[in-house]
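Visitor: I would like to learn how to read a few features from a structure. Please take them one at a time.

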Amino acid sequence: MEKFLRPFAGIWSWYAWVFNVRFLLLMNREETGKIPLWRGIIIWAALVLLFFAPAVFGGKVLAPVDCVECLFKPFATQPMEEVHNQYNVDGASQYLPYSWAMQQSWKSDGYMGWNPYTHNGTSLPENTMLSPGDWHHWLFGFLPFWTAWDVGIWMQFFIAGLGMIILLKSRGIPVPYVLLGAVSFSFYSQFIMWIYDRWLGGMIWAPLIVWSLLEGRRKNKWVHLPSILFIALGFRGGHLQACLFVFLLVLCVFLADWWKRTDRWSWKVFLKSSSFYLVSGFLAALLSLDVFVDTLPRMEGCKSLPFVWGLENLPFLATSVMPTLFGIPQTISISKVIGADLFDIKFGGGIVFVLAVLALFNRRAPLTAKFCFLVSFIVSCTPLSTFLYSRSTVVMAFGMSWLAGWQLFDLGRHPALPVWRRLAWWGIGILCVWLAVSVAVQCFHEPLLLKLHSFIDGNITTSQQQYRHSWYLLRSERLLDQLMIWDWRNALLILLVGVGGWACSRLNMSSRYPKWWAGLVVLCTFGEQIVFSSSWLAYSDKPESGCLYREPEWMPEFRGHVGDGAVVIVNPHNDLDFLCTNHLSTYGIRLASGYETVQPKYLRPLSDGHYHPEDYAMAGISHLLCDSRAGKPDFDGWILVQETEDFFLLENPLYRGRYFVRTQGEESHFSPVVPDWRTNNKIHVTVPPGTKELSVLESYSRGWSARTGKGEELPLSSTERYAILVPVPDSEQQTEILLQYHTPYREWYYSMMGGITLFLLVTAFLQRRINIRTGKMG
């Protein structure tokens, strides 16, 4: 049944790709004497490959492996100071291990199901941070891991730019100008800084969502298939928070559409205007039903967030032109002084921001783009930023990129604007002030550095003082050097903005070579993005071992001690040099803990924190891993089996295994058994004659099922320790039992999604037939 239903879940996404190709062919037919659209797409593809050149041509992988080698004790082998960007720590500790576990599931069983290596076993589709509905996960099913990882990232950026090209081209903007919008939106700072988190898979569809909505409203349709498909791709491409960004985007399009109506304050008009967007969003949500069904129930375990007002984002508008003003990852962050963070940078190109601001005051500029720019920016300056973070400004970046591309094209069609000279003088004045401050800082470098060191000593925690004091001092020295106007990043950004601004003024004042001037603006903006990303993106050598990361020398002995048991990490640090709670899973070692923003509902605290061997043995926990910096551990009943300068490994002598059977005549005694074989999603056990129950010390989930070798279905339940308990029918012979994990309710929502897909395809076909007949009769 599943084999028949499952393809329907992906039909509509493939239809979207076919629809894109058909649309591109139609648009190419309209090109007469202009640069064809396909050439613009080829140029865009070349820019994406050039942007990621170290991974495409240099044999590197687009992954922050240096975080592991420099920061993650006891795995680190290099000094902390050599890490390129410590802000990438989530990519190394969460998203790479999540994707690795998913690829292992694909490799062993052909689908994304269960991760047996964290939380004593947890569902991959339920991991909201993994964005489990995104298309890039399918790449892990047939490509090597690092190829699938890199290609998935490249394609996400390519799709974002392709959507901008299609949208702006459909608005009548020629190819040289639409490339500015593609470069600005695709390489927006929030995409670059969170590149490894993979939530951007939702917002890459923003241009195509807006294009399809505008087309649907232009044709006055109630049900517009492309709108539904692209919104659904947006819902599926990100985590739950990114779905809110898609909602915000659709809301902005609706508000602009409603605002254009002369009788907009009528309730009848409001309801009529909103119906198209509500229907599209509702049907798109149904096509993403499997994602929501898997992830929404876990919201009960979502961690609380501190209240943030959002006004601290206002000073960060300066980073829209010069993103290095508050520091870079290789220094300390000045932004923390105002309660913000470097992750709040909003940079899509300095030239782009200037053009977008000019378009905001241009009455001819597209209203939808203005709403996206302003509404998203206002939201980021309210308490809503507590829940949405600065990532929600991707909607602002979309509007900004659209406005910039439109304004660049508009410069050549209208008289010269009286702003270029003023902008030049303002820029020169700001640079003179910056130069004066840089000279002053250089003159008083030593006293300022001492004050900065004193400020750091008074504000870092005891743990940071003990383990990372030299780290902060080194980064404070780098900060004073990096903020100087003659720092290579600052000087190059100033040069690119200056040349780009001059090209804009020439385009506005002269009718000669407009496309060449526009191309120069695009190249300057592309250069700005490369300079900005150079301090954020990390490229690494591909690990040579068969594991995700390089295997430490002590790992074989460690793995031999743990076997099929599970490890609990004692007192991990809340700093960058901590015993990462997901990291051991990448070496095939089970962890009874893990880290995810939203915890599974079925996971509960194990005990009172005293590490009782009996309780831990009943939960399948065989070892404790302790940081050596906290001193030699002394836990009653635990045995020290491995000691290095970084950690102590303690063994639970009461641990007897993970698989147990209870036979007839035994009331409470379970005997250990060894499974015949095991994959990520399947466990095959042969139990002896007379077995009454099989117990598996793995996290219980409703997705687990069990059947005998004869195909008889067996009920499952959860023990008080949330392990799996399987009653076995009476038998005088050995019984083969196969446990298998599949996402709960999969057949139900695959059936529903298949029905919706079929309905939409039939509706689209009937609408097309009606339009053809109406055209012939007309």
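Guide: Two bridges connect strand 15 with strand 16 (residues 724-727), and the two strands run antiparallel. The model is a predicted one.

Visitor: What holds the strands of a sheet together in general?

Guide: Backbone hydrogen bonds pair the strands of a sheet, in either a parallel or an antiparallel way. In this case, S718 has I724 in strand 16 as its bridge partner.

Visitor: What is the order of the five strands in the open sheet?

Guide: The order is 9-8-12-16-15, and the pairing is antiparallel. Strand 9 (671-672) and strand 15 (717-718) are the edge strands, each pairing on one side only.

Visitor: Which residues of helix 12 and helix 14 meet?

Guide: From helix 12, they include I228, L229 and F235; from helix 14, F276, L283 and L287 are among them. By class, this contact has ten nonpolar, three polar and one charged residues.

Visitor: Is L738 buried or exposed?

Guide: Buried means under 20% relative accessible area. L738 has 14% relative accessibility, so it counts as buried. L738 lies in strand 17 (residues 735-741). Beyond its neighbours within four places in sequence, its contacts include W677, I683 and R707. I683 is 55 residues from L738 in sequence, yet their C-alpha atoms are 5.7 Å apart.

Note on methods. Residues are numbered from 1 along each chain as its sequence is written. This is a predicted model: local features need pLDDT of at least 70, side-chain atom pairs count only at pLDDT 80 or more; totals for chains, interfaces and linings use all residues. Side-chain values use heavy atoms; hydrogens and water are left out. Contact means heavy atoms within 4.5 Å. Helices (H or I, at least four residues) and strands (E, at least two) are DSSP runs, numbered from the N terminus. Ala, Val, Leu, Ile, Met, Phe, Trp, Tyr, Cys and Pro count as nonpolar, Asp, Glu, Lys and Arg as charged, and the others, Gly among them, as polar. Two strands pair if DSSP finds at least two bridges between them. Buried means under 20% relative accessible area, exposed over 50%, partly exposed in between (1.4 Å probe, protein chains only).
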